[in-house]
Amino acid sequence: MRKALEEWGSSGEAFIDEAPAGHFAASVIQGSAYCTSQSYFRVENGRAFLEDGPDGWDATHAECGVGRWLGSFEGTPAAFEDDWRAGRSLTAKLTVARRIADRFAPECRLTLEFSPRVEASEANGRPDAGTGCEGSDCDSLRRASVRFVEDFLTARNSASLTPSQSEAYLELKKLAGQEREENASHGPEEFAPFLHDGGLYIASVAKLKNGRGDELLNRIVTLSQTIDGRLTPIASFDISVSRGRLVDFSAK
């Protein structure tokens, strides 16, 4: 047991979970990717004996992006794995493996689907600096951007354009395609028309990224119009997207 812990190194967060009947799991979480290394053991007469974990849960290699712990299910020792990517997906996956006799039984997997909860940052800044808005219409634009992202995520198109607006939007989209730039802080842009108080904007919608380059649920929405023949950002908002209410689940 001591050797297994020493091989994982001294860095990281270490903890021990206890389950009924003298079963334990020692875990170390390391790095910004939250990589978990884990070893299972039982204690008898003051001595620890290594045990096998659930099938497919390799104790010799760290598993990243999941949470693992040992507990009980209906009074029986059980191992749990939570694919907890709360900031990156509206889907959560929970795996449960009960320990029966001297081994873990086949796993039960639950998949939970959540609706999006959409909010906007309250901060104003400079749109040419990445995010922000200047002017008296910023609060109204921010609220409209939240509604826009709610519609965008549920594949609803709330913008009903007149023929002249459709023609103007095509010109905006052409300019947006010409001026598109690679940005390490967010994923690929998607474009959609955005109407507000009779004005037509082109909205650029992109997923933000974390420091590891993983795409997050959060969106950055940039609203642009044509000024002097150039596509000019008018406002840009960091829109927070998180898990809302549970809408569906399945088990297998």
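I call a residue partly exposed when its relative accessible area lies between the buried limit, under 20%, and the exposed limit, over 50%. I am working from a predicted model.

**Entry 1: Arg103 and Asp55.** I looked up the salt bridge between arginine 103 and aspartate 55. Their closest N and O atoms are 3.6 Å apart. I then checked where each partner sits. Arginine 103 is in strand β9 (residues 103-104), and aspartate 55 is in the loop between β4 and β5 (63-64). The pair thus links distant parts of the chain, 48 residues apart. Arginine 103 has 43% relative accessibility, so I list arginine 103 as partly exposed. Aspartate 55 comes out at 59%, so I list aspartate 55 as exposed.

**Entry 2: Arg42 and Glu51.** I took arginine 42 next. Arginine 42 forms a salt bridge with glutamate 51, with 3.8 Å between the closest N and O atoms. Arginine 42 is at 26% relative accessibility and therefore counts as partly exposed. Glutamate 51 is at 15% and therefore counts as buried.

**Entry 3: Arg99 and Glu51.** Glutamate 51 also has a salt bridge with arginine 99. Here the closest N and O atoms are 3.5 Å apart. Arginine 99 lies in strand β8 (residues 91-100) and glutamate 51 in strand β4 (residues 47-51), so this pair ties together parts 48 residues apart in sequence. I noted both arginine 99 and glutamate 51 as buried.

**Entry 4: the count.** I searched the whole structure for salt bridges and got 9.

Note on methods
Residues numbered from 1 in each chain as written. Predicted model: local features only at pLDDT ≥ 70, side-chain atom pairs only at ≥ 80, totals over all residues. Heavy atoms only, no water. Salt bridge = Lys/Arg side-chain N within 4 Å of Asp/Glu carboxyl O. Buried < 20%, exposed > 50% of the residue type's maximum accessible area, 1.4 Å probe, protein only. Helix = DSSP H or I, 4+ residues; strand = E, 2+ residues; numbered from the N terminus.
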